[in-house]
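Reader: I would like to go through this model in order, from overall dimensions to single residues. Please show it before we start.

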Amino acid sequence: MSISKFEKNDTFLKKILDAPLGQVVTVLGENLNCKICIDLIEQNTPKPGTKFERKIVVSADELPIIRAIIKFDRNHLPDYVVNELLQKRSLVGTILNRYSITNDKKVISTNFDKNGKKFYRIYEIQSYGKVLFEIDEEIKLDHLALIRKKYHL
């Protein structure tokens with residue numbers, strides 16, 4: 001799969017990339033005729049302290065489409081948000097929406113792998129200029145292409 005097949009005029013990919021935090025599943029569900037799942041794979045603290053990592057996978061038709069690592073520091077979040085995150089029952093976007101926490105996505109970097117099969121980006125979720133979360137995301141373009149071909153999209 002070449003990079004040229006996923007140019008900026010690819011409106012579907014643009015919808016995925018522009019989706020607000022927590023809305024990518026909705027965007028995929030609205031555009032694909034298949035089962036969309038989001039799974040919390042793991043949440044841990046890489047070193048003892050206040051910093052955590054949450055790993056998730058978003059799948060379409062049982063193919064992983066997006067893998068993400070969400071990093072956060074409990075010292076940068078309100079206690080009620082941290083409590084919900086540590087319970088591992090709700091997604092980050094859901095928690096922020098539940099408490100009406102205004103947030104913006106600030107893209108730090110984007111890149112394709114050398115084969116053009118994966119798109120990587122790093123972005124921050126900020127609230128009033130304060131970084132709440134950093135997200136490392138991998139979008140498997142080859143899997144996305146298979147789903148799109150299967151459903152004629």
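What follows is a set of questions and answers on a predicted model.

Reader: What order of helices and strands does the chain follow along the sequence?
Author: The chain has five helices and six strands.

Reader: What is the radius of gyration of the chain, and what would a compact globule have?
Author: The C-alpha atoms fill a box of roughly 45 × 30 × 30 Å along the principal axes. For 153 residues, a compact globule would have a radius of gyration near 15 Å. The value for this chain agrees with that, at 16 Å.

Reader: What share of the accessible surface belongs to carbon and sulfur atoms?
Author: Buried residues make up 41% of the 153 residues. The accessible surface of the chain comes to about 8900 Å². Of that surface, the share of carbon and sulfur atoms is 50%.

Reader: How far apart do the centres of the positive and negative side chains lie?
Author: The chain has 26 positive and 20 negative side chains. The centres of these two sets are separated by 2 Å.

Reader: Which residues touch the most other members of the largest nonpolar core?
Author: In soluble globular proteins, nonpolar side chains tend to be buried together. The largest nonpolar core in this chain has 20 residues. The members that touch the most others are Ile16, Leu28 and Leu32.

Reader: Which element gives the most to this core?
Author: At least two core residues come from each of helix H1 (11–18), helix H2 (24–31), strand E2 (51–60), strand E3 (63–73) and helix H5 (141–150). With four residues, the element that gives the most is H1.

Reader: How many residues are in the other core that lies apart from it?
Author: Members of that other core include Ile56, Ile70, Leu85 and Phe133. Its count is 19 residues.

Reader: With which residues is Ile16 in contact, leaving aside its neighbours within four places in sequence?
Author: Contact here stands for heavy atoms within 4.5 Å. By that cut-off, the partners of Ile16 are Val24, Val27, Leu28, Ile66, Arg121, Ile139 and Leu144.

Reader: Which residues of H5 are buried?
Author: An α-helix has 3.6 residues a turn, so residues three or four places apart point the same way. The cover over the buried residues of H5 includes H1, E2, E3, strand E4 (104–112), strand E5 (118–127) and strand E6 (130–140). Those buried residues are Leu141, His143, Leu144, Ala145, Ile147 and Arg148.

Reader: What is the phi of Glu62?
Author: Most residues other than glycine have a negative phi, and most peptide bonds are trans. Glu62 lies in the loop between E2 and E3, and is exposed at 75% relative accessible area. Although Glu62 is not a glycine, its phi is positive, about 65°.

Reader: What is the phi of Lys88?
Author: Lys88 belongs to the loop between helix H3 (79–87) and helix H4 (92–98). At 43% relative accessibility, Lys88 is partly exposed. Its phi is positive in a residue other than glycine, near 60°.

Reader: What is the phi of His152?
Author: His152 comes after H5 in the chain. The phi of His152 is also given as positive, near 55°.

Reader: What distance separates the C-alpha atoms of Gly22 and Leu91?
Author: Gly22 is in the loop between H1 and H2, and is partly exposed with a relative accessible area of 39%. Gly22 and Leu91 are 69 residues apart along the chain. Their C-alpha atoms are separated by 6.9 Å.

Reader: With which residues is Arg98 in contact, leaving aside its neighbours within four places in sequence?
Author: Arg98 is a residue of helix H4, and is partly exposed at 43% relative accessibility. Its C-alpha atom lies 9.6 Å from that of Val81, 17 residues away along the chain. The contacts of Arg98 are Glu84 and Ser90.

Technical notes:
Residues numbered from 1 in each chain as written. Predicted model: local features only at pLDDT ≥ 70, side-chain atom pairs only at ≥ 80, totals over all residues. Heavy atoms only, no water. Core = buried A, V, L, I, M, F, W, Y, C linked by side-chain atoms within 4.5 Å. Buried < 20%, exposed > 50% of the residue type's maximum accessible area, 1.4 Å probe, protein only. Rg over C-alpha atoms; globule rule 2.2 N^0.38 Å. Areas by Shrake-Rupley, 256 points an atom, 1.4 Å probe, with all protein chains shown as cover. Lys, Arg positive; Asp, Glu negative; His and termini not counted. Charge placed at Lys NZ, Arg CZ, Asp CG, Glu CD.
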